[in-house]
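Here is a short briefing for a first look at this protein. Keep the structure open while you read.

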Amino acid sequence: MRKIIHIDADCFYAAVEMREAPALYGKPVAVGGSPRERGVVATCNYEARGWGVHSALPMAQALKRCPDLIVIAPRMELYRQVSGQIHAILQDYSDCIEPLSLDEAFLDVSDSDACQGSATLMAQEIRRRVWQELRLVVSAGVAPNKFLAKIASDWRKPDGLFVITPAEVDAFVLQLPVSKLHGVGKITAQKLERLGIDDCARLREFDRLELVRQFGKFGDRLWQLARGIDERPVEANSRRQSISVEETYSEDLPNLDACLAQLPLLMASLQRRMARLDEHYRIDRPQVKIKFHDFTQTTLEQAGALLSEQRFAMMLAAAYARGNKPVRLLGLGVRLLDLKGRAEQLELPFSSAASAPPRSG
Ligand SMILES: [Mg+2]
């Protein structure tokens, strides 16, 4: 049985803008294109939603519905940067992460031993850390597969966590409207409605062949989804954004000297992992991570690609001083620049990001 977490930031672009300018809190905010250039809303906050503003709405119309709406031009570079910071937190829980957009990702945590292997505790900790470290709210869903995990993250949004355990799958799916099923768009929903099918309980009354006759190959998929079956794997992006090593010590390291004594071993293991990277990567900023005996943790990252033992020692000392107490885990890492990914990104039409940023909810 797999354990999948779906993470989805609440009104991501707008939330980042509010964080950057706290005077915006409590006011209706939309990020998107200018009304004069027939722009549309990319993301808006919940105050704006209260006025009927939503993603993909023409900005001119949004301003009619909500005359006090504060319109902000998208800053994709900033959102990408913050997205990378969220991703860095997610990487502490799994190597198998499939990003869906800047603010959404699936994690397969089936083999993760973080939080004693409890996906629910991992989702709680991710939500808490993203808030504490980045001042952003993410909703999370936990389920045995991707389609249910994605529905679950939406179930208690905003600022929500919803868990569907394997034992609950059947009852949960039965009451699910068919419009919630993965891949069911407007056309399919209308066709299902004409057949008198509004929820999965009703959908289950149709046999597999009948559904295939009505919907072709997708009929088979409908038959499976109505039973909570979704075997799609979490497809991890094989390009890395960072590389790190960490060690949990069986006995706490009592002081800074004891931590520094571990540095040569950790560096050797980091260097072994770096040696396996392909030629498209460039080493970027170094990072250290400390988890103290009381499970509080801190990370420190510095600009500049120099990776000497002396440098890591200074960073370790600075990070240790934040807690100044016994240490149970030490980690070293580096951010990577992926020149391969960069070349691919440059091939995208330049204007699409500027004039019509992808939606985020
Ligand atoms: Mg979102």
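This is a predicted model: local features need pLDDT of at least 70, side-chain atom pairs count only at pLDDT 80 or more; totals for chains, interfaces and linings use all residues.

The domain assignment gives three parts: domain 1 (1–164), domain 2 (169–225) and domain 3 (242–343).

- Domain 1 and domain 3 have C-alpha centres that lie 28 Å apart.
- Residues 344–357 have a pLDDT below 50.

**Helices α1 and α4**

- Helix α1 spans residues 12–20, and helix α4 spans residues 76–90.
- Their axes come within 10 Å and cross at roughly 95 degrees.
- Angles of 65 to 115 degrees count as roughly perpendicular, so α1 is roughly perpendicular to α4.
- On the α1 side, the contact is made by Phe 12, Tyr 13 and Val 16.
- On the α4 side, Leu 78, Tyr 79 and Val 82 take part.
- By class, the contact of α1 with α4 has six nonpolar residues, no polar and no charged.

**Helices α10 and α11**

- Helix α10 covers residues 208–215, and helix α11 covers residues 217–225.
- The two axes come within 6 Å and cross at roughly 135 degrees.
- α10 and α11 are therefore oblique to each other.
- The crossing of α10 and α11 is right-handed.
- From α10, the residues in contact are Arg 208, Leu 211, Val 212, Gln 214 and Phe 215.
- They meet Phe 218, Gly 219, Asp 220, Leu 222 and Trp 223 of α11.
- This contact of α10 with α11 divides into six nonpolar, two polar and two charged residues.

**Helices α13 and α14**

- Helix α13 runs over residues 263–275, and helix α14 over residues 309–323.
- Their axes come within 11 Å, with a crossing at roughly 120 degrees.
- That angle makes α13 oblique to α14.
- α13 and α14 cross in a right-handed way.
- α13 brings Leu 263, Pro 264 and Met 267 to the contact.
- These residues meet Glu 309, Phe 312, Ala 313 and Leu 316 in α14.
- In the contact of α13 with α14, six residues are nonpolar, none is polar and one is charged.

Key
Residues are numbered from 1 along each chain as its sequence is written. Domain bounds come from an automatic or database domain assignment. pLDDT is the predictor's confidence in each residue, from 0 to 100. Two residues are in contact if their C-beta atoms, placed from the backbone, lie within 7 Å. Axes are lines fitted to C-alpha atoms, for helices over the stretch in contact, and angles run from 0 to 180 degrees between N-to-C directions. Helices (H or I, at least four residues) and strands (E, at least two) are DSSP runs, numbered from the N terminus. Angles under 35 degrees count as roughly parallel, over 145 as roughly antiparallel, 65 to 115 as roughly perpendicular and the rest as oblique. A crossing is left-handed if the near helix is turned anticlockwise from the far one by less than a right angle, and right-handed if clockwise. Ala, Val, Leu, Ile, Met, Phe, Trp, Tyr, Cys and Pro count as nonpolar, Asp, Glu, Lys and Arg as charged, and the others, Gly among them, as polar.
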